[in-house]
Amino acid sequence: MGGPSAEREVSLSSGRECVAALREAGYEVVEVDAGRDLAIQLSEISPDVVFNALHGRWGEDGCVQGILEWMRIPYTHSGVLASALAMDKEKTKAAYRAAGLPVADSVLADKVEVATRHVMAPPYVVKPHNEGSSVGVYIVNEAANSPPQLSDDMPQTVMVETFVPGRELTTTVMGDRALTVTDILTDGWYDYHAKYAAGGSRHVVPADIPQEIFDACMKYALRAHQVLGCRGVSRTDFRWDEARGLDGLILLETNTQPGLTPTSLSPEQAQAVGMSFPELCRWMVEDASCDR
């Protein structure tokens with residue numbers, strides 16, 4: 001848990017929840033705040049399984065997974081390749097396209113250029129191409145006269161993506177099974193605050209949407225999980241423009257380390273299909289392995 005990424009605080013929150021759930025499920029749990037001495041710590045602890053509650057770079061992009069493969073310690077969630085692929089939003093889109101899954105048009109651009117001119121016609125979204133949790137997301141509205149002023153902590157290369165209007169939907173996949181669909185209702189953009197603050201958003205589970213769209217989310221999420229080579233639990237996010245029907249449903253990204261906090265979507269979906277949080281964490285531990 002923890003680690004050095006921009007999503008450290010979310011990871012610490014996820015970790016605390018998972019520790020409590022795993023202990024309730026009967027496991028002996030050692031908490032590790034992942035730092036540069038992680039391999040030494042793991043060698044000293046010699047765990048049966050590593051429950052990976054890290055988010056963002058280093059913990060979610062294949063780096064920690066590589067350490068665990070090298071040390072031959074079974075671990076949860078996706079392996080090296082799927083983690084690295086899913087963390088890179090542009091490469092994820094290439095995999096989606098190859099599988100016939102619908103995505104929004106986008107380009108990678110230098111952040112200086114993005115802050116200097118409109119690199120595509122507004123409305124569009126600017127975001128890091130290798131971070132999650134809505135860290136550093138800018139929406140440029142159709143009426144915007146000037147390009148966005150990006151913060152200094154944005155990476156040198158960013159993704160500029162056509163803005164897709166409509167509803168925010170998401171589906172969790174657990175192994176070879178899509179669980180359900182959540183409709184995420186907020187007063188504005190589903191940003192970092194809306195995701196993690198109590199009351200920041202309202203989740204309708206299962207989503208009250210046409211059956212055709214519900215079924216498509218389930219099918220697309222499972223396909224995305226398979227195409228990227230994910231293991232364990234993943235969650236795929238969608239935008240749906242109701243005015244366009246099925247043509248208005250697009251995939252945004254697949255999260256290989258979905259949040260496991262009190263307001264998180266995947267535990268809610270597991271609960272909706274009859275699985276408690278400790279049972280979900282137990283399933284992840286029993287699913288853990290090397291060579292993922």
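**Charged side chains in a predicted model**

Mentor: Glu69, Arg72 and Asp291 are linked in a network of salt bridges. This is a predicted model, in which local features need pLDDT of at least 70 and side-chain atom pairs count only at pLDDT 80 or more, while totals for chains, interfaces and linings use all residues. Residues are numbered from 1 along each chain as its sequence is written, and side-chain values use heavy atoms, with hydrogens and water left out.

Trainee: What is a salt bridge?

Mentor: Side chains of opposite charge can pair when their charged atoms come close. The term means a side-chain nitrogen of Lys or Arg within 4 Å of a carboxyl oxygen of Asp or Glu.

Trainee: How many salt bridges does the structure hold?

Mentor: There are 16. One of them joins aspartate 33 to arginine 8, at 2.7 Å from N to O. Aspartate 33 lies in the loop between helix 1 (8-24) and helix 2 (38-45) and arginine 8 in helix 1, so the pair ties together parts that are 25 residues apart in sequence. Helices here are DSSP runs of H or I with at least four residues, strands are runs of E with at least two, and both are numbered from the N terminus.

Trainee: Is aspartate 33 buried, exposed or partly exposed?

Mentor: Buried means under 20% relative accessible area, exposed over 50%, and partly exposed in between, using a 1.4 Å probe and protein chains only. Aspartate 33 is partly exposed at 37%, and arginine 8 is partly exposed at 29%. In another salt bridge, arginine 292 meets aspartate 287 with the closest N and O atoms 2.8 Å apart. Arginine 292 is buried at 12%, whereas aspartate 287 is partly exposed at 23%.

Trainee: Where is glutamate 161, and which side chains does it join by polar contacts?

Mentor: A polar contact is a pair of N or O atoms within 3.5 Å; within protein, one must be able to donate a hydrogen and the other to accept it, and residues adjacent in sequence count only if both atoms are side-chain atoms. Glutamate 161 sits in strand 4 (residues 157-162) and is buried at 3%. Its side chain has a polar contact of 2.6 Å with that of lysine 93 and one of 3.1 Å with that of lysine 127.

Trainee: What lies over the face of tryptophan 58?

Mentor: A charge sits over a ring if NZ of Lys or CZ of Arg is within 6 Å of the ring centre and within 35 degrees of the ring normal. Here arginine 57 lies over tryptophan 58, at 4.8 Å from the ring centre.
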